[in-house]
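Dear colleague,

Please find the structure below, followed by a short account of what was found in it.

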Amino acid sequence: MSVPGQSAPAGATEIGTASPAAVGARGDDSRVATKERLALLKRSRTFIAGAIIVGFWVLCAIFGELVVPKDPLASDPINDLLSPGADNWFGTDKLGRDVFSRVIVGARDILIVAPLATILATVLGTALGLVTGYFRGAVDDVLSRIIEAFLALPVIIMGLLVAVALGPSKTTLILTIGVLFAPIISRTVRAAVLTERELEYVSAARLRNERTPYILFGEILPNVMGPIIVEFTVRLGYAIFTAAGLSFLGFGIPAPAPDWGLQVSEQYGLISGGFWWPVLFPSLAIATLVIGVNLIADGVASAFER
Amino acid sequence: MIFLAAQVLPGDVARRILGPFADQASVDALSKELGTDRSLPAQYWDWVSSFVTGDLGQSAVNKRPVSEIIVDATVASGKLALLAFIIVVPLAIVGGVIAAMNEGSFRDRLISVGGLSATAIPEFVWAVIFILIFALGLGLFPTTAQFPDGASIFTQLEYLLLPALCLVCVLFGYIARMARAGTIESLEADYTRTAILKGLPQRTVIRRHVLRNSLLPTIAVVATQAGYLIGGLVIIEAIFNYQGIGLAMFRAATQKDLPVLQSAVLLIGIVYLVATLIADILYSVLNPRVRLGAAE
């Protein structure tokens, strides 16, 4: 999701210097600004901390299967519910599966589902936001009503209904979250486009008789990239939150996948019996991942929104 | 509308009730009895017309009247939600104001980033952590929320505190952030500078000039959190086994109990819309600029 430098139109930089006040807090999108933002990011301690945490889980997702000591799916009923020790670092669950291996490999499902869902939501939401913000009038009214209908129920409830209707699977989860988050992103993009469309470079492009799709995606899009990137990182956190919640309810990734939310819900009944390890470790894994993503989002927001 | 979405649920209700080994004839018979063999529009019309007259039908699974299930569950959820709000609203507002007064300091970072991280951690993770610490570790609270029938209000509080705390964690960040943003804005406003230059004591400036302007919009924002609260209730009620509207909906969804599911979803939709409406009205009532602007 980097800013497409080559497509940044000459008009954009001119506007940036001509009327910085009008462009406002987002600044322009020339290559210099991108470099500055990256430099800001590199100096941001919250961003670095978040990147390290998330990086750890990404490595686990990619290479986890190769390095874990046990097969995360292999059950061993004789050795069920062993407490954490030298042989099983995080103990074993009620089917005798190694909790440590399941936690490490479990990073994969959520790190496939959440980013893909967020990318889908960002693409849909950006297109929707560009169109509603640029055309306004009847197009905006109709699309906005449809969007409001989507937002008439809390996301997790809609997600639950869709997951029940289509049957739980990774694809359903990605599509559900992607479609449900798109309206939220489209609102942010629409707000940014509303101020952007009044600027001179847009009227200049219109006077040059550019085609509308080019004006939308070639001219305006590069200039609203800042808020879109911020929105992406923020929504990624919410996507993990929602995916984990739906998985916990049993409407996410189906068993026997070592998904964290699923592990918690499968093993949760044992907690009052004192078997805390199959529940606590996946919970902590989710907690660290969302905190990492949030720290990144916080760093990105302060670098891009000044 | 949205209720049609619930109708798309696959799977035969009758088949679900009788189990996979029942013969097709008895499945068909039960379908007829439940009315699920008719066309979707017919069923939908039936449901809408009986809904208007206040008859919600009965549960397809245990034959209890839906209205009874829904009312009981809503009262139970209401208690839990109310407790969560009573705790979170003052806490988040105080937190947000403290953060704003020390903008950029370590305390501010702690409240802002910590609050948002707390918000981002799923409810069930908080539930696991709180249960391990307070229920199993320290033995202070029970691990479920379902208090015995006829329990005194204090016993009920004891049972509801942990689930409410989980909701508090999830709601805290956003409310605190709004309170912080509002306070910072009014700290920088001209009227605050005027008040300081007039020589008013800091305490008076904060109370009379800053807070009055920053908190009113924040209170309106609280109402918009209803959506998160309801989403959270489904998960929290499932993990604490609490007989509220969230658990009723969750059970109905897994058991394909359409009458209960539709009514629960409808109720949640109404609550959500009303809460958003109240938020809008509160915002304009509490903000003289919007109120007077509309009157002109």
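In this model, 31 residues of chain A are in contact with 33 residues of chain B, two residues being in contact if their C-beta atoms, placed from the backbone, lie within 7 Å. On the side of chain A that touches chain B, two or more residues each come from α7 (155-166), α11 (225-249) and α13 (277-304) of chain A; α13(A) gives the most, with 9 residues. Helices here are DSSP runs (H or I, at least four residues), numbered from the N terminus.

The model is predicted: local features need pLDDT of at least 70, side-chain atom pairs count only at pLDDT 80 or more, and totals for chains, interfaces and linings use all residues. Residues are numbered from 1 along each chain as its sequence is written, while chains are lettered from A and ligands numbered from 1 in the order in which they are written.

By contrast, the 15 residues of α6(B) (residues 106-120) should span 21 Å, which agrees with the 20 Å between its end C-alpha atoms. Buried residues of α6(B) include B:I111, B:G115 and B:L116 (buried: 20 or more other C-beta atoms within 10 Å of the residue's own, C-beta atoms being placed from the backbone). The buried residues of α6(B) pack against α11 and α13 of chain A, together with α5 (66-101) and α8 of chain B.

With kind regards

Note on methods: Expected span 1.5 Å × (residues − 1). Buried ≥ 20, exposed ≤ 12 C-beta atoms within 10 Å, placed from the backbone.
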